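This report is meant for a reader who is meeting the structure for the first time. Please look over the sequence and the model shown here before going on to the sections that follow.

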Amino acid sequence: MRPTIEITHPDGRTETVQLARDRTTVGRGSQADIRISDNRVSREHCALEVKGEKLYVVDLGGSNGTWIGSTKILANVREPFPFEAVVHVGPAQLRHVSTTPQFDPESDLESLAFAPAAPQPPQQGKPSARPFSPAAAAGPPGQSAATLEPLERRISMRAGERNSLQLAISNQSKIVDHYSLSVVGLPATWITLPRGGLELLPRQNGTLTIDIHPPRHSRTSAGVHPINIALLNQQGQVVAETTAELEILPFHEMILDVRPNPYQSRSGGTLVLTVENQGNAQTDYRIDVIEPSDSLEITVDPPTGSVAPQQSRQSNVLINPRKRNWVGNAKRLTMTITVNSSQQSATVSPVYTQLSTIPRWLPILLLLACCVIIPLFGFLAWPEVKPALFPTATAVPTGTPENTPTATQDIPATQTATRAIWLELDDDGDGLLNREELENDTLPNAKDTDGDDLSDFDELKKHGTDPTNQDTDGDTVSDGEEVNGGRCLSPNSPDTDLDGMRDDIDPDSCTGVTPTPSPVPDFALGGQIHSDENLDVLEEARMTWVKVQLRFGLGADASSTIQDAAKFKEKGYKVLLSVVGNKEELERGGGYKQAFANFLGEIAPVADGIEVWNEPNIQNEWPVGKINPADYTEMLRLSYDAVKSTNPRTLVISGAPAPTGVNNETVMSDDRYIQGMMAAGARNYMDCIGIHYNAGATPPSAESGHPSDSTGHYSYYYLPMVDLYYNAFNSEGSGSEIPLCFTEIGYLTPDGFDETLAQVGANNFLWAEGTSVRDQAEWLEEALLRACRSGKVKLFIVWNVDFEGYGQDPQAGYAILRPNERCPSCETLSRAVGALRNEGCMR
């Protein structure tokens with residue numbers, strides 16, 4: 001009986017055709033024996049050939065190809081058409097339904113690719129050593145359709161690197177076969193199997209390559225990992241197997257954390273140092289602690305340790321001041337804790353503040369108590385003024401020779417005499433008569449009218465300062481602190497030593513000209529803008545950089561970004577592009593990091609600076625459970641190479657982490673994150689260290705007093721933030737210094753809005769309820785001055801200029817363009833730029 005074919009047409013219609021000829025053509029042309037009306041079918045698409053009792057299919061070179069099952073067959077090569085198999089011709093299907101006895105697959109290797117595998121019973125008492133199911137093996141026992149051999153039996157590499165394993169394959173069958181690989185022994189995320197597999201003609205040889213890329217992670221254990229590899233035919237049957245070995249070399253990576261940090265006390269205490277091993281091998285370490293001034297006795301318990309991968313150990317760092325700080329300013333001491341292993345060293349720099357034994361408020365309290373008690377005592381002890389002391393209606397003898405009676409005085413004259421006596425008294429005991437207090441607008445009943453820790457007498461008689469103004473010279477340092485602080489400061493001069501540096505930022509005002517830190521070359525001011533209609537605000541603030549943030553997704557077109565950046569450059573601004581990716585696409589992998597880097601390379605020619613990602617230490621921007629500084633550093637490396645290859649002048653800025661002290665699956669504290677970046681080698685792939693500071697509610701000079709601060713956390717204060725980030729990447733011996741780039745710095749204020757932060761549901765920002773627009777303007781000015789003069793900062797991007805939205809995320813509250821369309825910060829920033837240009841700190 002001739003073979004029979006069941007045809008399912010594109011419109012769903014079916015028909016059955018018995019093949020009367022040895023060759024039957026299929027296509028949409030009029031010459032085809034079986035016509036299929038669809039434009040996706042070629043005029044002569046394929047042919048069905050009957051040879052004896054066997055049925056074959058031949059692709060005739062149609063544009064859309066011919067498929068047996070899910071395998072595309074080679075053109076003009078005869079392929080067996082097995083019983084019940086389905087051949088796809090465009091949208092049509094051909095199924096072999098003939099009841100003709102099929103040839104025995106054991107007698108013809110041409111059927112091997114499509115014949116169902118016969119189950120192989122296991123040998124008694126001898127389990128199979130193969131990791132693949134015996135039932136999946138192709139062909140009967142003792143018969144092999146292909147060979148599989150690795151070109152290398154062992155591959156050695158480091159976690160985080162890429163390598164490849166090549167396998168030589170030979171088709172030993174008599175048919176064209178399609179091969180793919182299966183690997184057992186390595187996690188699926190470590191390898192990438194070749195796409196599309198390999199098609200080989202009979203007796204043809206070829207190679208397939210497995211891409212091996214174990215992640216740089218503590219779970220990637222060091223040592224030798226066996227690899228079992230199977231070669232599968234197009235029906236998914238195992239036709240050959242082989243083995244190889246992957247040797248993962250050890251890497252060492254320690255993350256340090258100190259709590260509490262910063263820490264303050266009067267008589268020392270204990271810090272807890274946590275050493276976390278994020279390497280892939282056991283690490284033995286030793287702890288050394290240095291405090292440069294040798295003002296502390298420091299003991300570490302225990303001083304050595306050993307920690308396994310993914311584990312952590314703690315040591316107590318006991319600190320004891322060598323001398324008491326009895327009275328005066330607190331002493332700020334920075335320690336350097338170094339954890340050394342045979343392969344790596346890691347450092348952390350906690351800050352200890354030794355408070356004075358006698359609190360600064362105690363003398364003030366005692367002074368205030370004296371101001372109340374002494375006048376009260378004087379009032380109670382003052383003798384009653386008797387009428388005999390003053391003239392009465394009765395004549396009294398006078399001292400005149402004539403001894404004539406004097407005139408009597410009336411009641412107003414008596415009151416005048418009483419006031420005259422009071423004017424010559426000193427009610428508050430500060431050394432000034434009440435008359436002098438009134439003449440100088442000071443309070444007769446308070447020794448220190450302006451509360452600057454200097455008495456009114458000392459201000460007027462000794463120092464020549466204004467007793468009604470806490471800061472006579474306007475340098476933000478109170479008169480009392482300048483006189484009593486032990487820093488050689490003059491309360492009458494904002495620059496005591498005349499070295500061009502104001503007393504409030506001069507670290508040494510006693511010895512004449514203070515060496516000023518060299519400013520970072522091309523220090524600049526800019527702002528993140530929402531609408532280009534507000535460029536006049538940037539001009540008013542004398543900003544020269546514009547920051548634009550955009551999000552990259554696979555398939556994104558760089559041309560629109562290039563056009564937008566070009567518009568700003570035409571107006572004379574330098575452009576910072578902050579590029580954030582898609583965390584879902586990042587989580588899926590598949591070359592996303594390289595695609596992201598390639599995009600940065602495309603836009604680099606029009607960018608003066610590029611920030612690589614944004615806040616990668618929180619779940620909002622990075623996949624949950626996969627927040628890893630080493631993983632981000634790999635993206636930074638790819639991005640750096642791509643940017644520099646197209647524009648070496650573009651400033652590459654690392655993505656600034658979100659300032660936080662929280663550590664869990666959804667977030668990693670920024671201090672721990674930047675330590676991890678440093679350990680992973682991130683400083684080699686950046687020109688500038690990205691930093692955000694947007695939780696401030698105190699002046700930049702403050703290191704305490706934040707409304708939400710109960711632990712002294714650094715992220716609330718400007719100076720500790722700068723020191724933490726700068727020191728993390730610029731430790732001694734790390735190489736040339738890398739500056740900071742503030743890609744976001746701003747102060748939130750609800751001023752000018754109809755509702756408070758609480759009323760709009762901004763519950764995470766209630767700490768800013770007390771910040772005014774004036775605070776915002778003055779603090780931005782002070783921060784800008786400090787940034788340039790510190791010699792640690794290269795770029796100062798104000799966040800933000802003109803954002804909208806005042807709700808749970810009150811971005812408009814940060815904007816320097818206020819709801820009334822005025823910009824107080826523009827005036828202060830412009831003033832600061834002028835001062836810095838005069839100093840030579842800015843161009």
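This is a predicted model: local features need pLDDT of at least 70, side-chain atom pairs count only at pLDDT 80 or more; totals for chains, interfaces and linings use all residues.

## Terms and model

Helices, of at least four residues, and strands, of at least two, are DSSP runs that are numbered from the N terminus. With those names in hand, the loop between strand E21 (254-259) and strand E22 (263-265) can be located, and Pro260 is found in it.

Most residues other than glycine have a negative phi, and most peptide bonds are trans. Against that background, a cis peptide bond joins Arg259 and Pro260, with omega at about -10°. The peptide bond from Asn261 to Pro262 is also cis, its omega being near 0°, and Pro262, like Pro260, sits in the loop between E21 and E22.

## Positive phi in two loops

Arg203, a residue other than glycine, has a positive phi near 65°, and its place is the loop between strand E17 (198-200) and strand E18 (205-212). Because its relative accessible area is 54%, and exposed means over 50%, Arg203 counts as exposed.

Trp613 is not a glycine either, yet it has a positive phi of about 75°. This residue belongs to the loop between strand E35 (609-612) and helix H10 (629-646), and it counts as buried because its relative accessibility is 0%. Although Trp613 and Ala656 are 43 residues apart along the chain, their C-alpha atoms are separated by 7.9 Å.

## Strands and their pairing

Strands of a sheet pair through backbone hydrogen bonds, either parallel or antiparallel.

E13 pairs with strand E20 (residues 238-249) in the parallel sense over five bridges, and the bridge partner of Arg154 in E20 is Glu245.

How many cavities of 30 Å³ or more does the model hold? The count comes to one, and the largest cavity contains about 40 Å³ of space. Its lining is made by 10 residues, of which Thr71, Ile73, Glu79, Val176 and Gln234 lie nearest the centre. The elements that give two or more residues to this lining are strand E8 (71-72) and strand E15 (177-184).

By class, three of the lining residues are nonpolar, three are polar and four are charged. Since domain 1 (4-97) and domain 2 (146-249) both give residues to the lining, the largest cavity lies between them.

## A buried threonine

Is Thr465, in its loop, buried or exposed? Thr465 lies in the loop between helix H4 (456-463) and helix H5 (479-484), and it counts as buried because its relative accessibility is 4%, where buried means under 20%. The side chain of Thr465 also makes a polar contact, at 2.6 Å, with the side chain of Glu459.

Conventions: Residues are numbered from 1 along each chain as its sequence is written. Side-chain values use heavy atoms; hydrogens and water are left out. Buried means under 20% relative accessible area, exposed over 50%, partly exposed in between (1.4 Å probe, protein chains only). On a 1 Å grid over the protein atoms alone, a cavity is a set of points where a 1.4 Å probe fits but cannot get out, and a pocket is an open set with protein on both sides within 12 Å along at least five of seven lines; lining residues have an atom within 4 Å of a point. Grid points are joined across faces, edges and corners, and a volume is the space filled by probe spheres set on the points. Ala, Val, Leu, Ile, Met, Phe, Trp, Tyr, Cys and Pro count as nonpolar, Asp, Glu, Lys and Arg as charged, and the others, Gly among them, as polar. Domain bounds come from an automatic or database domain assignment. Two strands pair if DSSP finds at least two bridges between them. A polar contact is a pair of N or O atoms within 3.5 Å; within protein, one must be able to donate a hydrogen and the other to accept it, and residues adjacent in sequence count only if both atoms are side-chain atoms.
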